[in-house]
Amino acid sequence: MKRKPEGTAVICILLLFCASEAAFSQDLLFFSDDHYKSLGQPALKASVASPVLSAGRGTLAIDLSNDGELEELVAINGSGKSEEIWQEMIEEMKSPDAINISAQLPASGPLRSADGPQHIDRLPAGQVRRLIFNVTVDRNASGWYDLPLLVEYERQVDASVRDGEVFPLLQSERSNLTLRAYVEGGRLPLQISAVRSDLSPGCSGTLLVAFAVGEEHPLCNCSARLLAAAPLHVRDAAAALGDIDPGELVVAGFAVQVDSDALPGEYQMGCELTCREKRITLPLTITLSSAGWPEEAALAALALVTSAVLAHSFRRKRRWR
(Lines give C-alpha, C1' and ligand atoms only; values in the text may rest on other atoms or scores of the structure.)
Protein backbone atom coordinates (compact mmCIF):
# COMPACT_ATOMS: atom_id res chain seq x y z
CA MET A 1 0.00 0.00 0.00
CA LYS A 2 1.29 3.49 -0.86
CA ARG A 3 1.85 6.06 1.89
CA LYS A 4 -0.64 8.90 1.91
CA PRO A 5 0.67 12.27 0.77
CA GLU A 6 -0.64 13.86 3.97
CA GLY A 7 1.89 11.89 6.05
CA THR A 8 4.77 13.09 3.89
CA ALA A 9 3.64 16.70 4.27
CA VAL A 10 3.48 16.34 8.07
CA ILE A 11 7.00 14.89 8.18
CA CYS A 12 8.36 17.75 6.03
CA ILE A 13 6.68 20.32 8.27
CA LEU A 14 8.18 18.70 11.37
CA LEU A 15 11.66 18.65 9.81
CA LEU A 16 11.40 22.34 8.87
CA PHE A 17 10.19 23.19 12.37
CA CYS A 18 13.10 21.33 13.97
CA ALA A 19 15.58 23.04 11.66
CA SER A 20 14.20 26.49 12.42
CA GLU A 21 14.25 25.73 16.14
CA ALA A 22 17.90 24.68 15.88
CA ALA A 23 18.81 27.87 14.02
CA PHE A 24 16.98 29.98 16.60
CA SER A 25 18.76 28.17 19.44
CA GLN A 26 22.11 28.77 17.73
CA ASP A 27 21.42 32.52 17.55
CA LEU A 28 20.78 32.53 21.30
CA LEU A 29 23.96 30.74 22.39
CA PHE A 30 25.14 32.13 25.73
CA PHE A 31 27.34 31.37 28.73
CA SER A 32 25.75 29.18 31.38
CA ASP A 33 25.94 31.98 33.95
CA ASP A 34 24.66 34.71 31.60
CA HIS A 35 22.18 37.31 32.82
CA TYR A 36 21.49 38.99 29.47
CA LYS A 37 21.65 38.15 25.79
CA SER A 38 21.57 40.78 23.05
CA LEU A 39 20.34 40.45 19.48
CA GLY A 40 22.09 42.61 16.92
CA GLN A 41 25.27 42.72 14.83
CA PRO A 42 27.37 45.20 12.82
CA ALA A 43 26.32 46.28 9.32
CA LEU A 44 29.32 47.89 7.62
CA LYS A 45 28.95 50.16 4.59
CA ALA A 46 31.54 52.16 2.67
CA SER A 47 31.36 55.24 0.46
CA VAL A 48 33.98 57.28 -1.33
CA ALA A 49 34.39 60.75 0.16
CA SER A 50 36.49 61.94 -2.81
CA PRO A 51 34.96 60.12 -5.81
CA VAL A 52 36.97 61.98 -8.49
CA LEU A 53 40.56 60.89 -9.16
CA SER A 54 43.10 61.97 -11.74
CA ALA A 55 45.64 59.88 -13.61
CA GLY A 56 48.91 59.48 -11.70
CA ARG A 57 49.28 59.66 -7.92
CA GLY A 58 46.27 60.55 -5.83
CA THR A 59 44.44 60.03 -2.55
CA LEU A 60 41.25 58.01 -2.08
CA ALA A 61 39.26 58.90 1.03
CA ILE A 62 36.73 56.26 2.10
CA ASP A 63 34.10 56.68 4.82
CA LEU A 64 33.37 53.39 6.61
CA SER A 65 30.09 53.45 8.53
CA ASN A 66 28.42 50.97 10.87
CA ASP A 67 24.66 50.88 10.36
CA GLY A 68 24.13 48.02 12.81
CA GLU A 69 21.70 48.35 15.70
CA LEU A 70 20.74 46.64 18.92
CA GLU A 71 17.54 44.80 18.06
CA GLU A 72 16.68 43.34 21.47
CA LEU A 73 18.15 42.79 24.93
CA VAL A 74 16.87 39.56 26.48
CA ALA A 75 16.94 39.01 30.26
CA ILE A 76 17.93 35.42 31.07
CA ASN A 77 18.89 35.13 34.73
CA GLY A 78 18.29 37.68 37.49
CA SER A 79 20.27 35.98 40.26
CA GLY A 80 23.76 37.11 41.20
CA LYS A 81 25.61 40.28 42.15
CA SER A 82 23.72 43.39 41.07
CA GLU A 83 26.96 45.13 40.00
CA GLU A 84 27.93 42.27 37.68
CA ILE A 85 24.39 42.00 36.27
CA TRP A 86 24.47 45.73 35.46
CA GLN A 87 27.97 45.51 33.96
CA GLU A 88 27.01 42.53 31.81
CA MET A 89 23.97 44.38 30.50
CA ILE A 90 26.22 47.29 29.42
CA GLU A 91 28.66 44.90 27.72
CA GLU A 92 25.91 43.00 25.91
CA MET A 93 24.71 46.25 24.35
CA LYS A 94 28.02 46.41 22.40
CA SER A 95 27.03 43.51 20.11
CA PRO A 96 26.44 45.80 17.07
CA ASP A 97 29.98 47.23 17.35
CA ALA A 98 32.68 46.17 14.88
CA ILE A 99 36.02 45.42 16.58
CA ASN A 100 39.60 45.09 15.31
CA ILE A 101 38.75 46.21 11.78
CA SER A 102 41.23 45.68 8.95
CA ALA A 103 40.35 47.28 5.59
CA GLN A 104 42.34 46.61 2.43
CA LEU A 105 42.03 48.12 -1.05
CA PRO A 106 43.36 45.52 -3.53
CA ALA A 107 44.46 46.44 -7.04
CA SER A 108 41.55 46.72 -9.46
CA GLY A 109 41.72 47.75 -13.09
CA PRO A 110 43.83 50.89 -13.50
CA LEU A 111 43.98 51.65 -9.77
CA ARG A 112 46.60 50.36 -7.32
CA SER A 113 47.13 51.22 -3.66
CA ALA A 114 50.62 51.57 -2.25
CA ASP A 115 49.35 51.28 1.33
CA GLY A 116 48.77 48.16 3.34
CA PRO A 117 45.60 47.43 5.34
CA GLN A 118 44.12 50.28 7.38
CA HIS A 119 43.16 49.48 10.98
CA ILE A 120 40.35 50.69 13.25
CA ASP A 121 40.20 49.45 16.85
CA ARG A 122 36.43 49.81 17.26
CA LEU A 123 33.58 51.20 15.18
CA PRO A 124 30.43 51.52 17.34
CA ALA A 125 27.00 51.32 15.75
CA GLY A 126 25.91 54.60 14.21
CA GLN A 127 29.42 56.01 13.78
CA VAL A 128 31.70 56.68 10.79
CA ARG A 129 35.48 56.49 10.40
CA ARG A 130 37.52 57.77 7.49
CA LEU A 131 40.19 55.70 5.72
CA ILE A 132 42.92 57.28 3.58
CA PHE A 133 44.61 55.30 0.79
CA ASN A 134 47.40 56.60 -1.45
CA VAL A 135 46.68 55.29 -4.93
CA THR A 136 48.25 55.27 -8.38
CA VAL A 137 46.02 55.49 -11.44
CA ASP A 138 47.12 54.50 -14.95
CA ARG A 139 47.76 57.43 -17.27
CA ASN A 140 45.28 56.24 -19.90
CA ALA A 141 42.45 55.60 -17.41
CA SER A 142 39.19 57.53 -17.72
CA GLY A 143 35.60 57.01 -16.59
CA TRP A 144 33.87 55.15 -13.76
CA TYR A 145 35.46 52.13 -12.06
CA ASP A 146 34.30 49.63 -9.42
CA LEU A 147 36.76 49.23 -6.56
CA PRO A 148 36.69 46.33 -4.07
CA LEU A 149 37.20 47.01 -0.36
CA LEU A 150 37.96 43.91 1.73
CA VAL A 151 36.99 44.38 5.38
CA GLU A 152 37.78 41.88 8.14
CA TYR A 153 36.56 42.47 11.67
CA GLU A 154 35.31 40.83 14.85
CA ARG A 155 31.97 41.15 16.58
CA GLN A 156 30.94 40.29 20.11
CA VAL A 157 28.43 37.44 20.18
CA ASP A 158 28.32 37.19 23.96
CA ALA A 159 29.87 38.58 27.13
CA SER A 160 30.24 37.33 30.68
CA VAL A 161 31.33 39.13 33.85
CA ARG A 162 33.06 37.32 36.70
CA ASP A 163 34.48 39.11 39.72
CA GLY A 164 34.35 42.40 37.86
CA GLU A 165 36.30 41.12 34.83
CA VAL A 166 34.68 41.05 31.37
CA PHE A 167 35.05 37.97 29.17
CA PRO A 168 33.84 38.73 25.62
CA LEU A 169 33.18 35.98 23.10
CA LEU A 170 34.31 37.28 19.69
CA GLN A 171 33.53 35.97 16.23
CA SER A 172 35.47 36.81 13.07
CA GLU A 173 33.58 38.24 10.10
CA ARG A 174 34.48 39.33 6.55
CA SER A 175 32.75 41.74 4.17
CA ASN A 176 33.46 42.40 0.50
CA LEU A 177 32.27 45.94 -0.24
CA THR A 178 32.20 47.66 -3.65
CA LEU A 179 33.00 51.33 -4.23
CA ARG A 180 32.72 53.50 -7.35
CA ALA A 181 35.22 56.18 -8.32
CA TYR A 182 35.55 58.37 -11.37
CA VAL A 183 38.92 58.87 -13.07
CA GLU A 184 39.36 62.11 -14.98
CA GLY A 185 41.91 61.74 -17.77
CA GLY A 186 44.41 64.37 -18.89
CA ARG A 187 47.13 66.38 -17.21
CA LEU A 188 46.58 67.69 -13.67
CA PRO A 189 45.65 71.39 -13.71
CA LEU A 190 46.98 71.98 -10.19
CA GLN A 191 50.01 70.76 -8.26
CA ILE A 192 51.05 71.05 -4.61
CA SER A 193 54.27 73.08 -4.55
CA ALA A 194 54.99 73.27 -0.82
CA VAL A 195 53.62 72.13 2.55
CA ARG A 196 54.42 73.64 5.95
CA SER A 197 52.92 72.80 9.34
CA ASP A 198 53.43 73.22 13.08
CA LEU A 199 51.54 70.07 14.06
CA SER A 200 52.41 67.90 17.05
CA PRO A 201 50.55 65.24 19.10
CA GLY A 202 47.82 66.59 21.35
CA CYS A 203 47.87 70.09 19.87
CA SER A 204 46.07 72.24 17.35
CA GLY A 205 48.11 73.78 14.58
CA THR A 206 48.12 75.32 11.14
CA LEU A 207 48.84 73.53 7.88
CA LEU A 208 49.90 75.73 4.95
CA VAL A 209 49.61 74.32 1.42
CA ALA A 210 50.86 76.11 -1.70
CA PHE A 211 49.24 75.30 -5.06
CA ALA A 212 50.60 76.03 -8.54
CA VAL A 213 48.42 76.19 -11.65
CA GLY A 214 49.83 74.54 -14.75
CA GLU A 215 47.00 75.01 -17.24
CA GLU A 216 46.90 77.59 -20.04
CA HIS A 217 43.49 78.82 -18.93
CA PRO A 218 42.39 80.29 -15.60
CA LEU A 219 40.51 78.20 -13.04
CA CYS A 220 37.46 79.93 -11.61
CA ASN A 221 35.80 79.86 -8.19
CA CYS A 222 38.26 77.41 -6.66
CA SER A 223 38.27 76.01 -3.13
CA ALA A 224 40.32 73.40 -1.27
CA ARG A 225 39.48 71.02 1.55
CA LEU A 226 41.60 68.49 3.39
CA LEU A 227 40.74 64.79 3.58
CA ALA A 228 42.08 63.37 6.82
CA ALA A 229 41.73 60.34 9.07
CA ALA A 230 42.57 59.81 12.73
CA PRO A 231 44.77 60.95 14.41
CA LEU A 232 44.35 64.09 12.28
CA HIS A 233 41.11 66.09 12.36
CA VAL A 234 40.44 69.11 10.14
CA ARG A 235 38.50 71.91 11.79
CA ASP A 236 37.98 74.00 8.65
CA ALA A 237 35.33 73.03 6.12
CA ALA A 238 37.12 74.49 3.09
CA ALA A 239 39.51 77.25 2.08
CA ALA A 240 38.37 79.65 -0.64
CA LEU A 241 41.01 80.23 -3.33
CA GLY A 242 38.94 82.26 -5.78
CA ASP A 243 39.99 82.58 -9.42
CA ILE A 244 43.51 81.34 -10.20
CA ASP A 245 45.41 82.50 -13.27
CA PRO A 246 47.82 80.29 -15.28
CA GLY A 247 51.21 80.10 -13.58
CA GLU A 248 49.89 81.64 -10.36
CA LEU A 249 50.80 80.26 -6.92
CA VAL A 250 48.23 80.44 -4.11
CA VAL A 251 48.42 79.42 -0.45
CA ALA A 252 45.64 77.89 1.66
CA GLY A 253 45.73 77.58 5.45
CA PHE A 254 43.92 74.88 7.45
CA ALA A 255 43.38 74.45 11.20
CA VAL A 256 44.16 70.85 12.20
CA GLN A 257 43.73 69.05 15.53
CA VAL A 258 46.00 66.11 16.39
CA ASP A 259 45.05 63.33 18.84
CA SER A 260 47.15 63.19 22.00
CA ASP A 261 48.09 59.53 21.42
CA ALA A 262 49.46 60.16 17.90
CA LEU A 263 53.06 59.11 17.32
CA PRO A 264 55.59 61.48 15.71
CA GLY A 265 56.29 60.68 12.06
CA GLU A 266 54.81 60.99 8.59
CA TYR A 267 51.07 60.80 7.91
CA GLN A 268 49.13 60.75 4.67
CA MET A 269 46.33 63.14 3.85
CA GLY A 270 44.46 64.19 0.74
CA CYS A 271 43.56 67.61 -0.61
CA GLU A 272 40.46 67.96 -2.76
CA LEU A 273 40.47 70.97 -5.09
CA THR A 274 37.13 72.02 -6.54
CA CYS A 275 36.86 74.58 -9.35
CA ARG A 276 34.09 75.50 -11.72
CA GLU A 277 35.86 73.58 -14.48
CA LYS A 278 36.84 70.37 -12.62
CA ARG A 279 37.59 68.65 -9.32
CA ILE A 280 40.75 66.71 -8.44
CA THR A 281 42.30 65.07 -5.38
CA LEU A 282 46.03 65.30 -4.65
CA PRO A 283 48.13 63.33 -2.12
CA LEU A 284 49.64 65.18 0.80
CA THR A 285 52.32 64.03 3.28
CA ILE A 286 52.84 65.83 6.59
CA THR A 287 55.25 65.24 9.46
CA LEU A 288 54.25 65.34 13.13
CA SER A 289 57.07 66.55 15.36
CA SER A 290 57.44 65.63 19.02
CA ALA A 291 56.83 69.30 19.87
CA GLY A 292 55.25 72.20 18.02
CA TRP A 293 57.29 74.88 16.28
CA PRO A 294 58.58 77.82 18.28
CA GLU A 295 56.85 81.04 17.32
CA GLU A 296 59.92 82.28 15.43
CA ALA A 297 60.10 79.09 13.35
CA ALA A 298 56.40 79.29 12.50
CA LEU A 299 56.78 82.89 11.34
CA ALA A 300 59.85 81.97 9.30
CA ALA A 301 57.93 79.14 7.56
CA LEU A 302 55.06 81.49 6.78
CA ALA A 303 57.51 84.04 5.39
CA LEU A 304 59.14 81.33 3.28
CA VAL A 305 55.85 80.28 1.68
CA THR A 306 54.80 83.91 1.18
CA SER A 307 58.13 84.70 -0.50
CA ALA A 308 57.66 81.75 -2.83
CA VAL A 309 54.24 83.06 -3.81
CA LEU A 310 55.56 86.53 -4.54
CA ALA A 311 58.57 85.25 -6.47
CA HIS A 312 56.44 82.89 -8.53
CA SER A 313 53.91 85.61 -9.30
CA PHE A 314 56.65 88.04 -10.29
CA ARG A 315 58.09 85.57 -12.79
CA ARG A 316 54.80 85.09 -14.62
CA LYS A 317 55.08 86.19 -18.19
CA ARG A 318 51.39 86.52 -18.79
CA ARG A 319 48.45 87.23 -16.55
CA TRP A 320 44.92 86.25 -17.48
CA ARG A 321 42.03 88.44 -16.49
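Does cysteine 271 count as buried or exposed, and at what relative accessibility? At 0% relative accessibility, cysteine 271 counts as buried, where buried denotes under 20% relative accessible area, exposed over 50%, and partly exposed the range in between (1.4 Å probe, protein chains only).

The structure is a predicted model, in which local features need pLDDT of at least 70 and side-chain atom pairs count only at pLDDT 80 or more, while totals for chains, interfaces and linings use all residues. Residues are numbered from 1 along each chain as its sequence is written, and side-chain values use heavy atoms, with hydrogens and water left out.

The protein contains 3 helices and 19 strands; these are DSSP runs numbered from the N terminus, with helices being H or I of at least four residues and strands E of at least two. Of the 321 residues, 40% are buried. The protein exposes about 17,500 Å², of which carbon and sulfur atoms supply 53%. Accessible areas come from the Shrake-Rupley method with a 1.4 Å probe, and for residues only the protein chains shown count as cover. Among contacts (heavy atoms within 4.5 Å) between residues at least 6 apart in sequence, 71% join residues at least 24 apart.

The disulfide criterion, a pair of cysteine sulfur atoms within 2.5 Å, gives a count of 1. Cysteine 222 is joined to cysteine 275, with an S to S distance of 2.4 Å. The link is right-handed, with 115 degrees about the S-S bond. Cysteine 222 is buried at a relative accessible area of 3%, and cysteine 275 is buried at 10%. Cysteine 220, by contrast, is in no disulfide; the nearest cysteine sulfur, that of cysteine 222, is 7.1 Å away. Cysteine 220 also counts as buried, at 16% relative accessibility.

On the surface, Leu70, Trp86, Ile90 and Met93 form a nonpolar patch with about 380 Å² of accessible area together. Patches are made of residues with over 30% relative accessible area and no salt bridge, like charges being joined within 9 Å and nonpolar side chains (Val, Leu, Ile, Met, Phe, Trp, Tyr) within 5 Å. A salt bridge is a side-chain nitrogen of Lys or Arg within 4 Å of a carboxyl oxygen of Asp or Glu.
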